[in-house]
Amino acid sequence: MASNPDNPVVFFDVSIGGQNVGRMKFELFADVVPKTAENFRQFCTGEYKKDGAPQGYKNATFHRVVKDFMIQGGDFVKGDGTGLMSIYGGKFDDENFELKHSGPGLLSMANSGVNSNGCQFFVTCAKTDFLDGKHVVFGKVIEGMLVMRKIEAIPTGTNNRPKMQCVITQCGEM
């Protein structure tokens with residue numbers, strides 16, 4: 001997946017157990033999946049507002065971590081993996097499945113079935129090609145893979161929930 005200098009770059013500053021562990025930067029593939037990329041970008045910047053209040057990933061958690069598979073976050077609605085919101089209202093359709101889950105560090109939409117994208121996302125920790133055609137890949141980690149690996153290494157409990165809180169303390173666009 002080649003980089004495109006015209007694609008937006010966004011960031012997450014992450015803490016684990018209250019300690020800052022660093023920054024992850026993502027290139028969003030607006031050239032391939034513009035609608036999906038824009039949804040994520042606006043939740044990083046807080047541009048999207050509901051009743052005048054910015055909505056997005058600031059102070060959201062990574063609520064599901066599966067070693068050698070993925071880290072999932074973005075449920076700023078309920079915090080447990082059941083919340084759904086998009087800049088388009090409720091859920092939105094799968095834009096396309098052009099990009100594949102070909103290795104670690106890919107940003108993809110979490111969903112609950114066909115055409116059910118919202119605010120939740122995951123970052124792959126390995127090749128997860130069994131997800132191809134089911135989840136929309138829309139970005140990649142361009143800096144901060146070590147931060148991803150630190151999140152991946154957090155001990156988990158029931159439902160793969162991290163035993164230490166993992167929070168996006170700040171986010172935005174570069």
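Analyst: What follows is a set of questions and answers about a few terms as they apply here. This is a predicted model, in which local features need pLDDT of at least 70 and side-chain atom pairs count only at pLDDT 80 or more, while totals for chains, interfaces and linings use all residues. Residues are numbered from 1 along each chain as its sequence is written, and side-chain values use heavy atoms, with hydrogens and water left out.

User: Why is Ala110 called buried?

Analyst: Buried means under 20% relative accessible area, whereas exposed means over 50% and partly exposed lies in between, with a 1.4 Å probe and protein chains only. Ala110 has 11% relative accessibility, so it counts as buried. Ala110 lies in the loop between strand E7 (106–109) and E8, strands being DSSP runs of E with at least two residues and helices runs of H or I with at least four, numbered from the N terminus.

User: What does Ala110 touch, not counting residues up to four places away in sequence?

Analyst: Contact means heavy atoms within 4.5 Å, and on that basis Ala110 touches Gln72, Ser116, Asn117, Gln120, Phe121, Phe122 and His135.

User: How do you know that E5 and E6 pair?

Analyst: Two strands pair if DSSP finds at least two bridges between them; E5 and E6 have four bridges, in the antiparallel sense, and Arg64 stands opposite Gln72 in E6. Four bridges also join E6 to E8, which run antiparallel, with Met70 opposite Thr124 in E8.

User: What makes both faces of E6 count as covered?

Analyst: Met70 and Gln72 on one side and Ile71 and Gly73 on the other are all buried.

User: Why are the buried residues of helix H2 said to lie on the same side?

Analyst: In H2 (residues 145–152) the buried residues are Val147, Met148, Ile151 and Glu152. They cover an arc of only 145° around the axis, which puts them on the same side of H2; the arc is that of the directions from the helix axis to the C-beta atoms.

User: Which residues lie nearest the centre of the largest pocket?

Analyst: A pocket is an open set of points on a 1 Å grid over the protein atoms alone, where a 1.4 Å probe fits, with protein on both sides within 12 Å along at least five of seven lines; lining residues have an atom within 4 Å of a point. The largest pocket is lined by 18 residues, of which Gln72, Ala110, Asn111, Ser112 and Gln120 lie nearest its centre.
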